[in-house]
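Student: Could we go through this model together? I would like to start with the overall make-up and then move to single residues.
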Amino acid sequence: MKANRREGQKGRGINFNSIINGVMDMAVVKTAYKYRAYPSKDAQSILNRQMALAKELYNLLLEKSKAYYRETGKTLTEYRMNVWLTQMKKEKSEFAELHSQVIQNVSKRVSDAYRHFFRRCKERKQGKKVKVGFPRFKKFVASLTYPQSGFKIERKKISLSKIGNVDFVNHREIEGKVKTLTIKKTKSQEWYITVAVEREDKAFISNGKPQVGIDLGIEKYAALSDNIIHQNIKITKHQRNHATVLQQGISRKKKGSHNKKKAVVRFATYAEHITRIRHDFLHKLSHNLVNSYSFIAYEELKVANMMRNHHLARSIGESSWDNFTQLLQYKAGSAGCVAVSVNPQYTSMTCNECKNVQKMPLNKRTFLCEKCGMSKDRDINASINILERALDSISPNFADKVGKATEGHSGSQACGDDVRPSVREAIAEEAGTIWVAS
Ligand SMILES: [Zn+2]
């Protein structure tokens with residue numbers, strides 16, 4: 001499936017300031033490639049066994065660090081964990097089945113869990129609304145990571161030390177320096193290999209295409225300032241019902257039974273199928289946009305804020321704007337495009353021609369200006385304002401560097417209210433009508 005092609009989109013994107021200054025620093029880009037893998041039956045049983053061992057090790061380490069904290073009031077460092085692990089390997093021979101690199105990664109996972117915990121504690125002290133949970137014992141571990149070595153990537157197979165050869169679908173050549181390799185099993189029992197790499201960023205060259213502003217919504221997923229509207233894909237009633245039936249199937253089966261396990265896999269497979277349809281949509285749309293425009297302005301999203309309303313959270317998670325804008329950022333640079341986010345305050349209440357600000361209740365789908373009489377689709381109006389705001393916020397000579405020249409963008413920096421109308425309204429309208437695959 002296409003949606004699985006490439007996942008890692010973290011930390012990618014153009015360094016905006018450096019383009020403004022006309023200097024591109026060759027930053028190191030971290031990225032990842034994800035491949036479908038087909039381990040043999042034998043390899044699968046080794047992998048399952050090793051993941052069970054990794055889980056045991058994880059829980060032992062957590063226990064150990066808790067005890068250490070009780071005694072000394074300090075947390076166990078990753079280094080100390082590794083020293084202890086070396087000792088452990090001598091005492092319990094079964095852990096020698098795991099590659100030493102994989103073992104080291106387990107201690108990294110434990111100390112990462114602690115780090116997240118402390119970070120969240122700190123965030124809560126600063127007044128952020130975050131959930132803080134102490135690192136917990138794991139019921140299962142579904143992946144193994146080789147941090148530096150212990151693996152070899154060939155054309156059609158990957159050889160993993162202490163596991164053996166694993167076939168994979170090499171749909172895409174790896175560019176850059178390989179840093180880590182992770183093999184993972186999904187809930188639907190599929191296997192994937194993720195290769196994290198680092199490479200030097202290529203110099204930015206603008207594709208010379210037009211500029212555009214995007215207003216993101218739910219039914220109309222993206223309304224563009226040049227009057228193009230990209231509709232969202234719909235999860236059909238049939239798909240929703242089918243998911244419900246599969247979910248009910250799980251609860252009807254006896255606890256711990258083989259049939260229950262089968263029902264769980266059936267549901268997970270279907271849920272992943274739906275997720276793939278969504279990913280595919282987001283990948284295609286973002287690809288299309290970065291290749292059609294040289295400059296994309298979109299509204300800054302504060303997903304954390306929106307999540308406060310627990311019911312609406314589902315629709316937001318589903319429509320996944322956060323994911324989408326990350327994809328835009330990730331793909332923009334190499335396509336010769338710059339993607340910028342702006343504060344969307346008042347963008348749907350402001351007339352894009354005379355800048356008059358007026359109330360725009362949810363049910364008004366057309367912006368009819370009370371002052372100058374301008375009439376436009378409300379989302380298109382908002383997207384034009386988003387583009388103008390982005391262009392206002394950047395230096396004038398930058399506008400010439402990317403895409404076509406811009407004309408007469410007077411300031412539309414309305415301020416005061418901290419609502420983001422277009423986003424909120426869209427959610428309110430569509431609340432509860434979208435099914436989430438999870
Ligand atoms: Zn007007």
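Student: How many helices and strands are there in the chain?
Tutor: The chain has 12 helices and 14 strands; helices (H or I, at least four residues) and strands (E, at least two) are DSSP runs, numbered from the N terminus. This is a predicted model, in which local features need pLDDT of at least 70, side-chain atom pairs count only at pLDDT 80 or more, and totals for chains, interfaces and linings use all residues. Residue numbers start from 1 along each chain as its sequence is written.

Student: What percentage of the residues in the chain is buried?
Tutor: Of the 438 residues in the chain, 29% are buried. A residue is buried if 20 or more other C-beta atoms lie within 10 Å of its own, exposed if 12 or fewer, and partly exposed in between, with C-beta atoms placed from the backbone.

Student: And what share of the contacts involves residues 24 or more positions apart?
Tutor: Such pairs account for 69% of the contacts with a separation of 6 or more. Two residues are in contact if their C-beta atoms, placed from the backbone, lie within 7 Å.

Student: Turning to the largest nonpolar core, which residues touch the most other members?
Tutor: They are Ile-214, Ile-296, Ala-297, Leu-328 and Cys-337, out of 34 residues in that core. At least two residues each come from strand 8 (211-216), strand 9 (220-224), helix 6 (258-292), strand 11 (295-299), helix 9 (321-332), strand 12 (338-342) and helix 10 (378-393). A nonpolar core is a set of buried Ala, Val, Leu, Ile, Met, Phe, Trp, Tyr and Cys residues joined through C-beta atoms within 7 Å. Another core lies apart from this one and has 31 residues, including Leu-47, Leu-98, Val-110 and Ile-193.

Student: What is Ala-297 in contact with?
Tutor: Beyond its neighbours within four places in sequence, Ala-297 is in contact with Gly-213, Ile-214, Val-340, Val-342, Ile-386, Leu-387 and Ala-390.

Student: Which way do the residues of strand 11 point?
Tutor: Phe-295, Ala-297 and Glu-299 point one way, while Ile-296 and Tyr-298 point the other way. Strand 11 is mostly covered, with 5 of its 5 residues buried.

Student: What is the strand order in the open sheet?
Tutor: Its 7 strands follow the order 2-6-7-1-5-4-3, with antiparallel pairing. Strand 2 and strand 3 (151-153) are the edge strands, each pairing on one side only. Within the sheet, strand 1 (residues 28-38) and strand 5 (residues 164-168) pair in the antiparallel sense over 2 bridges, and Tyr-38 stands opposite Asp-167 in strand 5.

Student: Changing topic, what span should helix 4 have?
Tutor: Helix 4 (residues 100-125) has 26 residues and should span 38 Å at 1.5 Å a residue, which agrees with its end C-alpha atoms being 38 Å apart. The expected span of a helix is 1.5 Å times one less than its number of residues.

Student: What covers the buried residues of helix 4?
Tutor: The cover includes helix 2 (41-72), helix 3 (78-91) and strand 2 (143-146). Among the buried residues of helix 4 are Val-102, Ile-103, Gln-104 and Val-110. Gly-127, with a positive phi near 95°, follows helix 4.

Student: What is phi for Tyr-346 and for Lys-355?
Tutor: Tyr-346 has a positive phi near 65°, and Lys-355 has a positive phi of about 65°. Most residues other than glycine have a negative phi. Tyr-346 is in the loop between strand 12 and strand 13 (366-368), and Lys-355 lies in the loop between strand 12 and strand 13.

Technical notes
Pairing = 2+ DSSP bridges.
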